[in-house]
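Good morning, colleagues. I would like to take you through one structure, from its overall layout to a few side-chain contacts.

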Amino acid sequence: MSALAASAATVTSTGEAVQFWVLGITAVIGALCTILMKKAVHSALCLAGTMIILAVFYLANGAYFLGVVQVIVYTGAIMMLFLFVVMLVGVTAADSLKETLKGQRWMAALCGLGFGVLLAAGIGNAGLSHFNGLGRVNSAGHVEGLAELIFTRYIFAFEITGALLITAAVGAMVLTHRERTERAATQRELAEQRVREGVQLPPLPAPGVYARHNAVDIAGLLPDGTPSELTVSKTLRARGQIRDVSSQAMDDLKALEQRSTERLGREEASK
């Protein structure tokens, strides 16, 4: 019985092999897309998919606690942090390719190359003389065994990781916080400034006003029938998603006036 258990622990079944190659290739593709995608939102989605695949790997190997933690902590909390960063930075149609720090791409390439060399050396020098099996590892309980390793053998690395995370959180809050250094202008001061600059003094018409339509992608018409570009969002204007119905509205208005004149003329003639 022990020989059968030992052979079962060291032999990979066909289903496990198929699962590993399918999910492994998908995880590698997702990781590559995370660093190769041009838009931050697409990179975040690829990273979320890679994290979910890692959780499936944990669950398939019987590490249910790590699988649940992978979904809750990384796919949930860390991805929410990335989404907050994307919302703070802003997502535009075309991101700037200008480097804020000179030479950062070469430094990143050298760091990636060095990490790859270290990883290849570590895997090449790794040796596995015998296979303990999942039952022996989890004999004291999976959570208890993991906690024992973290808080005894790897306590220094755990504390360093916690300090790095706290430093990153404090740095993010410091970088995104803006202190107001001057007094905020009052409504009267803003109105006087608009008068001095000669800008639009009365309130602007809402999108679609006088255009026989109240959609946000339709520019409002001024009393003389000309469309006002200030009444629509700059984002829609940049995307070319603004519908111009000013001529159609004026034609409809003229037709309505003509029908009204004809109707009034007929009523007066009948009297």
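Predicted model: local features only at pLDDT ≥ 70, side-chain atom pairs only at ≥ 80, totals over all residues.

**Salt bridges, helix packing and a nonpolar patch**

Let me begin with glutamate 192, which is partly exposed because its relative accessibility is 35%; here buried means under 20% relative accessible area, exposed over 50%, and partly exposed in between, with a 1.4 Å probe and protein chains only. Residues are numbered from 1 along each chain as its sequence is written, and side-chain values use heavy atoms, with hydrogens and water left out.

Glutamate 192 forms a salt bridge with arginine 188, at 3.3 Å from N to O. The term requires a side-chain nitrogen of Lys or Arg within 4 Å of a carboxyl oxygen of Asp or Glu. The two residues are about one helical turn from each other because they lie four residues apart in helix H9, residues 187-197. Arginine 188 counts as exposed, at 63% relative accessibility.

How many salt bridges does this rule give? The count is two. The other pairing joins glutamate 189 to arginine 183, at 3.0 Å from N to O. Glutamate 189 is partly exposed at 31% relative accessibility, and arginine 183 is exposed at 61%.

Now to the overall layout. The chain contains eleven helices and two strands, where helices (H or I, at least four residues) and strands (E, at least two) are DSSP runs numbered from the N terminus. Read from the N terminus, the order is α-α-α-α-α-α-α-α-α-β-β-α-α. The chain has 271 residues, of which 14% count as buried.

Consider next helix H2, residues 14-36, which packs with helix H3, residues 40-60, at an angle of about 155° and with the axes 8 Å apart. H2 is therefore roughly antiparallel to H3, a label given to angles over 145 degrees. Axes are lines fitted to C-alpha atoms, for helices over the stretch in contact, and angles run from 0 to 180 degrees between N-to-C directions.

Finally, the surface. Leu59, Tyr64, Val68, Val71, Ile72, Val73 and Tyr74 make a nonpolar patch of about 650 Å². Such a patch takes residues with over 30% relative accessible area and no salt bridge, joining nonpolar side chains (Val, Leu, Ile, Met, Phe, Trp, Tyr) within 5 Å. Helix H4, residues 64-89, gives the most, with six residues. Valine 71 lies in H4 and is partly exposed, at 40% relative accessibility.

How values were computed:
Patch = residues over 30% accessible without salt bridge, like charges linked within 9 Å, V, L, I, M, F, W, Y side chains within 5 Å. Areas by Shrake-Rupley, 256 points an atom, 1.4 Å probe, with all protein chains shown as cover. Parallel < 35°, antiparallel > 145°, perpendicular 65-115°, else oblique.
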